[in-house]
Amino acid sequence: MVVGLALLLLAPFASAGDVGENRTIDVTGTPIDAIISPDVSSDGDDFIVQVTLGNDAAGNGTTVHWTVQMCSNDGTCDPPISMDMTETEGKWIGTVSPIDDHSYVNYDIILQYTDGDAETFPESGF
């Protein structure tokens with residue numbers, strides 16, 4: 001009975017194993033050559049994401065933006081915020097400072113094409 005009670009008390013912690021897990025965006029077959037982001041984010045320390053476009057996208061006026069969502073340790077997430085990224089020497093850089101007591105930072109990358117179309121990576125979700 002004591003073991004059963006102990007297992008019940010530990011169950012919520014076991015189910016929370018994926019919370020805060022950093023995920024990578026698969027750029028295979030996309031106009032994006034690479035996305036570099038930190039393995040870990042820390043409260044108040046800049047979380048910097050760098051995007052490198054392939055030659056075609058880089059040469060045709062494509063711009064890069066991102067949507068950022070921060071989630072706290074209490075299980076709530078702030079609303080997503082769309083932000084521009086800044087291009088420097090062929091690299092698109094986005095920086096956000098994580099909120100206090102955050103658990104992770106969600107983000108997606110949006111490519112804005114010169115014809116007005118846009119494409120989001122990943123296609124859905126974060």
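Hi everyone, let me start with a bond. The link between cysteine 71 and cysteine 77 is right-handed, with 105° about the S-S bond. The two sulfurs of this disulfide, in cysteine 71 and cysteine 77, sit 2.0 Å apart. How many disulfides does the count come to? It comes to 1.

For anyone wondering about the cut-offs, buried is under 20% and exposed is over 50%.

Now to the sheet. In what order do the strands come? The order is S1-S2-S6-S5, and these 4 strands make an open sheet with antiparallel pairing. At the edges you find strand S1, residues 32-36, and strand S5, residues 86-88, each pairing on one side only. From one strand to the next, the twist averages 25°.

Let me zoom in on one pairing in there. Strand S2, residues 47-53, runs antiparallel to S6, and 6 bridges join them. Which residue of S6 stands opposite threonine 52? That would be lysine 91. Their side chains also meet: threonine 52 makes a polar contact with lysine 91 through the side chains, at 3.5 Å. Threonine 52 counts as buried because its relative accessibility is 16%.

Across the protein chain the mean pLDDT is 82, and 79% of the residues reach 70 or more. Which elements mark the two ends of the range? Strand S6, residues 91-96, has the highest mean pLDDT among the elements, at 96, while helix H1, residues 2-15, has the lowest, at 39. Over residues 1-19 the pLDDT is below 50, and beyond near neighbours in sequence that stretch has 2 contacts in the model. Where pLDDT is low, predicted coordinates should not be read in detail.

To recap the two spots I'd look at on screen: the disulfide of cysteine 71 and cysteine 77, and threonine 52 opposite lysine 91 in S6. Thanks, everyone, and I'm happy to take questions!

Methods. Residues are numbered from 1 along each chain as its sequence is written. This is a predicted model: local features need pLDDT of at least 70, side-chain atom pairs count only at pLDDT 80 or more; totals for chains, interfaces and linings use all residues. Side-chain values use heavy atoms; hydrogens and water are left out. pLDDT is the predictor's confidence in each residue, from 0 to 100. Helices (H or I, at least four residues) and strands (E, at least two) are DSSP runs, numbered from the N terminus. Contact means heavy atoms within 4.5 Å. Two strands pair if DSSP finds at least two bridges between them. Axes are lines fitted to C-alpha atoms, for helices over the stretch in contact, and angles run from 0 to 180 degrees between N-to-C directions. Buried means under 20% relative accessible area, exposed over 50%, partly exposed in between (1.4 Å probe, protein chains only). A polar contact is a pair of N or O atoms within 3.5 Å; within protein, one must be able to donate a hydrogen and the other to accept it, and residues adjacent in sequence count only if both atoms are side-chain atoms. A disulfide is a pair of cysteine sulfur atoms within 2.5 Å.
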